[in-house]
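Biologist: I want to learn how to read a folded chain. Please take me through it one feature at a time.

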Amino acid sequence: MNELETALRAAGGAIEQHFVKVGVNYYCHLTGDTITAAAFCSLRQRLTPSLSAEEQQRQRLRNKARAVADAADVRAGAR
């Protein structure tokens, strides 16, 4: 897994660009490795940079605003 992770870091870009879903597994174009869905999720989590505290707060506010707008749409449709 370390070789795969190193190759993905060197290649850059989104991890999804370098994989193809094959059944329940994922095949990497860069290394020729096939990994499970769980390993893919774990790898994606390790390679995705975490958000800053400010960005997390902005994301929470956006999500809350979307939830309020969705609820308003539902209420408007029920009238």
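Modeller: Start with contacts, meaning heavy atoms within 4.5 Å. In the protein chain, take the contacts with a separation of 6 or more: residues 24 or more positions apart account for 36% of them. This is a predicted model, in which local features need pLDDT of at least 70, side-chain atom pairs count only at pLDDT 80 or more, and totals for chains, interfaces and linings use all residues. Residues are numbered from 1 along each chain as its sequence is written, and side-chain values use heavy atoms, with hydrogens and water left out.

Biologist: How many helices and strands are in the protein chain?

Modeller: Helices (H or I, at least four residues) and strands (E, at least two) are DSSP runs, numbered from the N terminus. The protein chain has three of each. Their order along the sequence is α-β-β-β-α-α.

Biologist: What radius of gyration does the protein chain have?

Modeller: The radius is taken over C-alpha atoms, and the globule rule is 2.2 Å times the number of residues to the power 0.38. For a compact globule of 79 residues, the value would be near 12 Å; the protein chain has 19 Å. Its C-alpha trace spans about 55 × 35 × 20 Å along the principal axes.

Biologist: Of the 79 residues, what percentage count as buried?

Modeller: Buried means under 20% relative accessible area, exposed over 50%, and partly exposed in between (1.4 Å probe, protein chains only). Here 15% of the 79 residues count as buried.

Biologist: Now the rings. How many aromatic pairs does the structure hold?

Modeller: A ring pair is described by the distance of the centres and the angle of the planes. Rings of Phe, Tyr and Trp (its six-membered ring) pair if their centres lie within 6.5 Å; planes under 30 degrees apart count as stacked, over 60 as edge-to-face and the rest as tilted. The structure holds two such pairs. F19 and F40 have ring centres 5.1 Å apart and planes at 75 degrees, so this pair is edge-to-face. It links distant parts of the chain: F19 sits in strand 1 (residues 19-22) and F40 in helix 2 (residues 37-47), 21 residues apart.

Biologist: Is F40 buried or exposed?

Modeller: F40 is buried, at a relative accessible area of 4%. F19 also counts as buried, because its relative accessibility is 8%.

Biologist: And how are the rings of Y26 and F40 arranged?

Modeller: Their centres are 4.0 Å apart and their planes at 5 degrees, so the pair is stacked. Y26 lies in strand 2 (residues 25-28) and F40 in helix 2, so the pair ties together parts 14 residues apart in sequence. Y26 is buried too, at 17% relative accessibility. Together, ring pairs link F19, Y26 and F40 into a cluster.

Biologist: Which residues does H18 touch?

Modeller: Leave out residues up to four places away in sequence, and H18 touches L8, A11, G12, Y27, C28, H29 and L30. H18 is in the loop between helix 1 (2-11) and strand 1. H18 is buried, with 13% relative accessible area.

Biologist: Where is G23 found?

Modeller: G23 is in the loop between strand 1 and strand 2. At 59% relative accessibility, G23 counts as exposed. G23 and A72 are 49 residues apart in sequence, and 40 Å apart in space, C-alpha to C-alpha.
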